[in-house]
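Visitor: I am new to this structure and would like to look through it with you. Could we open it now?

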Amino acid sequence: MSQMLRGLMQDDFPLTLDHLRRRLGSCNEGAEVVTLNPDATSVCRASHAEVSQRIDRLARALGTLGIQQGDRVGTFAWNNQRHFELYFAVPCIGAVLHTLNVRLFQEQLTYIVNHAEDRVIFVDDSLVPLLAKLAPTFNTVERYVVMGEMQGEEADELPNALPYEQLLERAQANPDDAFEYPQLDERQAASLCYTSGTTGNPKGVLYSHRSISLHSTVTLSKDGTGLSRADRILAVVPMFHVNAWGLPYGAALAGADLILPDRHLQPEPLAGLIERERPTLMGCVPTIFQGLLSYAEAHPGLDLSSLTNAACGGSAVPRRLMKDFEERHDVRIFQAWGMTETSPVATYSRPRERTPGGGTREHDDDYWDERATQGRPLPWVELRLAGDDGGEVPWDGTATGEIEVRGPWVASRYFADSSEDEKFATGWLRTGDIAAVDERGNVRITDRSKDVIKSGGEWISSVELENELMSHPDVVEAAVIAKPDERWSERPLCCVVLREHAGADAPALVEHLRGRVAKWWLPDEFAFVSEIPKTSVGKFDKKLLRARLAEGKLEGRVPVS
Ligand code: AMP
């Protein structure tokens, strides 16, 4: 009988965050972490080597707090250096970093802290008042560590609170007494992030050292985020949301500079930060880019020229947004798709820029059609489309089905919750996203399964209608929801935010859509709203729009006559 011949490589070398941590202190010379201060103009800087020393102290301090392997340590914090230190110290001692989304509803926060059984929570001083209200509802939290300048009374709002810097000072060791990190197994849990899930309570996604290590490695690939040692990365996407898309870990791995805006996510402080710190790469959701673009229009002369590459996702990225940035500011925004359950990046849209003959494609419609898709699966991610009957849907660019994915950074189940186990039952994750895939492997999301509009037995893609509406120069934002209809069962209702002093009205928008979408998709009603409500992670909150519609509270409704 033939026998497997085992390779003779160091296959037991573990893929753990400890490797990334070691790089901070050993081979990232010259790289820095920059945090925007509370005044929104000055910054705080530290080299990777300095940060690495503080991580050692923090790791030691976690031990003094009694944190052991497998324990959950919560963070309630914006994007800043201290949060970055926790990103390493907690997993590298074998504990689990639980990043709490500061924008969740209070009941959801109570639920996830208790469900995760967090023992300690590290909280930004600016967020203490918010957390203090909830502290009495937490069952397992023994202590809080307050990060920032807050002293005395205000911090005392939290029971058993300790200042972060004091904790680190106390853990200052004699320089010869290096902290001994434990040997870790790459399959060990490293961090935990809750997502809203499809039904019921939030669901915990428990990342392993291996999954984060592999995902971070791919952020360094040119077909993915494409970050390198030469970059200064502005991570605007919150560190409480899916590890900020892997940007902080990618920066550590590559030895790139990391620029963190703390709580300042509005266009003005971001624009100032870009002008002063000159990042080359930025990652955030489309709404932030949209805000920045409008701000730049109102402030001619704003210098965004350092940015060359930007990662955008979380919801569909309008083609016009990408084109405007590219034409007006020479910033190239590339779209990615993924979800909390996929760490998050699973596909990336980086079309070929050359034709086989050596010509350039960058101005071709075909190239832009590809740029506007969610892109191809990243290396190690496998993707298929499932039809209503469970059979596989062909990759022909037109037929749609639910995306199913598998790969080393895709969740295999939720943490201590079996209520949605059927999503994982086949070894592929059922994502709830509906898409078509073309022959080149480009995924084009047409809807979230819970957002699809079924009219006269046929599907209408809300995402496609939104994209077409947002390509109109007068439209700032558009979210399309299903409206119950006696004859057709459902019809699209387009909620639109118009630019200030815009001239467009409902008939003009229908005219704009005519010829761009099927005739029977044309909406018979609009709602001109002042703002599209957003979820805790900045996506259009269609659930809330549907609820407002059902309660008769949706403003600005205008039928198309
Ligand atoms: P979350 O787990 O909160 O990150 O949300 C994941 C969901 O966001 C996905 O299942 C998609 O519905 C949506 N999403 C993420 N990226 C994109 C994108 N580029 N285009 C359209 N939808 C996206």
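Visitor: Which residue has a side-chain N or O atom 2.7 Å from an oxygen atom of the ligand?

Guide: That residue is Asp433; an N or O atom in its side chain is 2.7 Å from a ligand oxygen. Please keep in mind that this is a predicted model.

Visitor: How much of the ligand does the protein bury?

Guide: The protein buries 88% of the 500 Å² that the ligand exposes when taken alone.

Visitor: Which residues come nearest to the ligand?

Guide: There are 16 residues around the ligand, and the nearest of these are Ala336, Thr340, Gln374, Asp433 and Lys539.

Visitor: Which element gives the largest share of that shell?

Guide: Strand β14, residues 332-338, gives the largest share, with 4 residues. Sorted by class, the shell holds 5 nonpolar, 8 polar and 3 charged residues.

Visitor: Let us turn to the helices. How do α1 and α2 pack?

Guide: Helix α1 (residues 17-26) and helix α2 (residues 48-64) pack at about 130°, and their axes are 7 Å apart. Because of that angle, α1 is oblique to α2.

Visitor: Which residues meet there?

Guide: From α1 come Arg21, Leu24 and Gly25, and they meet His48, Ala49, Ser52, Ile55 and Asp56 of α2. By class, this contact has 3 nonpolar, 3 polar and 2 charged residues.

Visitor: One more topic, the backbone. Is the peptide bond from Ser343 to Pro344 cis or trans?

Guide: The bond from Ser343 to Pro344 is cis, and its omega is near 0°. Pro344 belongs to the loop between β14 and β15 (345-348). In general, most peptide bonds are trans.

Visitor: And is phi of Val242 positive or negative?

Guide: Phi of Val242 is positive, near 45°, although the residue is not glycine. Val242 lies in the loop between β10 (232-235) and α9 (247-254). Most residues other than glycine have a negative phi.

How values were computed
Residues numbered from 1 in each chain as written. Predicted model: local features only at pLDDT ≥ 70, side-chain atom pairs only at ≥ 80, totals over all residues. Heavy atoms only, no water. Near = heavy atom within 4 Å. Polar contact = N/O pair within 3.5 Å; in protein donor to acceptor, adjacent residues only side chain to side chain. Areas by Shrake-Rupley, 256 points an atom, 1.4 Å probe, with all protein chains shown as cover. Helix = DSSP H or I, 4+ residues; strand = E, 2+ residues; numbered from the N terminus. Nonpolar A, V, L, I, M, F, W, Y, C, P; charged D, E, K, R; others polar. Axes fitted to C-alpha atoms, helices over the stretch in contact; angles between N-to-C directions. Parallel < 35°, antiparallel > 145°, perpendicular 65-115°, else oblique. Contact = heavy atoms within 4.5 Å.
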